[in-house]
Amino acid sequence: IFRLAELELKHVDEKKLEHDAHYLLHILHTYAHKNELPVTILGPAKPPVSKIKAVHSRKIYLKSENFVYIARVCKEIKHKNFSSSIYFTPNPLV
């Protein structure tokens with residue numbers, strides 16, 4: 001059984017959003033690898049509805065057998081380093 005979490009980034013400027021999404025992906029991968037955490041990171045992906053009222057979005061998914069590992073990786077996110085808004089949803093498909 002796997003646990004899943006979703007990170008959604010939103011911004012009005014699609015170029016800034018893309019930059020933030022890839023930067024966040026790099027931070028997550030680096031932290032998980034350095035600390036040998038068994039977390040699979042997928043994305044960033046453009047959702048089927050990727051623009052609502054001039055706000056663009058991208059999604060990153062984290063998958064692990066234990067939610068503790070996902071939480072540890074997500075604690076590395078320093079929101080002030082991003083111009084995009086970042087939303088965390090645990091178990092997004094439930």
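Let's start with helix α1, whose buried residues are Leu17, Asp20, Ala21, Leu24, Leu25, Ile27, Leu28, Tyr31 and Ala32. Their arc around the axis is only 165°, so they sit on the same side of α1. That arc is taken from the directions from the helix axis to the C-beta atoms. Buried means under 20% relative accessible area, exposed means over 50%, and partly exposed is in between, with a 1.4 Å probe and protein chains only.

A word on the model. It is predicted, so local features need pLDDT of at least 70 and side-chain atom pairs pLDDT 80 or more, while totals for chains, interfaces and linings use all residues. Residues are numbered from 1 along each chain as its sequence is written, and side-chain values use heavy atoms, with hydrogens and water left out. Helices (H or I, at least four residues) and strands (E, at least two) are DSSP runs, numbered from the N terminus.

Back to α1. It has 21 residues and reaches 30 Å from first C-alpha to last, close to the expected 30 Å. The expected span is 1.5 Å times one less than the number of residues. The face turned away from the buried side carries the exposed residues Lys15, His19, His33 and Lys34. What covers the buried residues of α1? The cover includes β1, β2, β4, α2 and β5. At the N-terminal end, Asp13 is the cap: a side-chain oxygen lies 2.9 Å from the backbone nitrogen of Lys15. After the helix comes Glu36, with a positive phi near 50°.

Next, α2. Its buried residues are Ile70, Val73 and Cys74. These cover an arc of only 95°, which puts them on the same side of α2. Their cover includes β1, α1, β4 and β5. Asn66 caps the N-terminal end of α2, with a side-chain oxygen 2.9 Å from the backbone nitrogen of Val68.

Now the core. A nonpolar core is a set of buried Ala, Val, Leu, Ile, Met, Phe, Trp, Tyr and Cys residues joined through side-chain atoms within 4.5 Å. The largest one has 22 residues, and Leu7, Leu24, Leu28 and Leu62 touch the most other members. β1, α1, β4 and α2 each supply at least two residues. Which element gives the most? That is α1, with eight residues. In soluble globular proteins, nonpolar side chains tend to be buried together.

Ile77 lies in the loop between α2 and β5. Is Ile77 buried or exposed? Its relative accessible area is 10%, so Ile77 is buried. Leaving aside neighbours within four places in sequence, Ile77 is in contact (heavy atoms within 4.5 Å) with Leu7, Leu24, Leu28, Phe82 and Ile86.

Glu6 is in strand β1. With 9% relative accessibility, Glu6 counts as buried. Its side chain makes a polar contact with the side chain of Lys59, at 3.3 Å. A polar contact is a pair of N or O atoms within 3.5 Å; within protein, one must be able to donate a hydrogen and the other to accept it, and residues adjacent in sequence count only if both atoms are side-chain atoms.

Last, the aromatics. Rings of Phe, Tyr and Trp (its six-membered ring) pair if their centres lie within 6.5 Å; planes under 30 degrees apart are stacked, over 60 edge-to-face, the rest tilted. There are two aromatic pairs. In one of them, Tyr23 and Phe82 have ring centres 5.3 Å apart and planes at 45°, so the pair is tilted. Tyr23 is in α1 and Phe82 in the loop between α2 and β5, 59 residues apart. Tyr23 is partly exposed at 34%, whereas Phe82 is buried at 8%.
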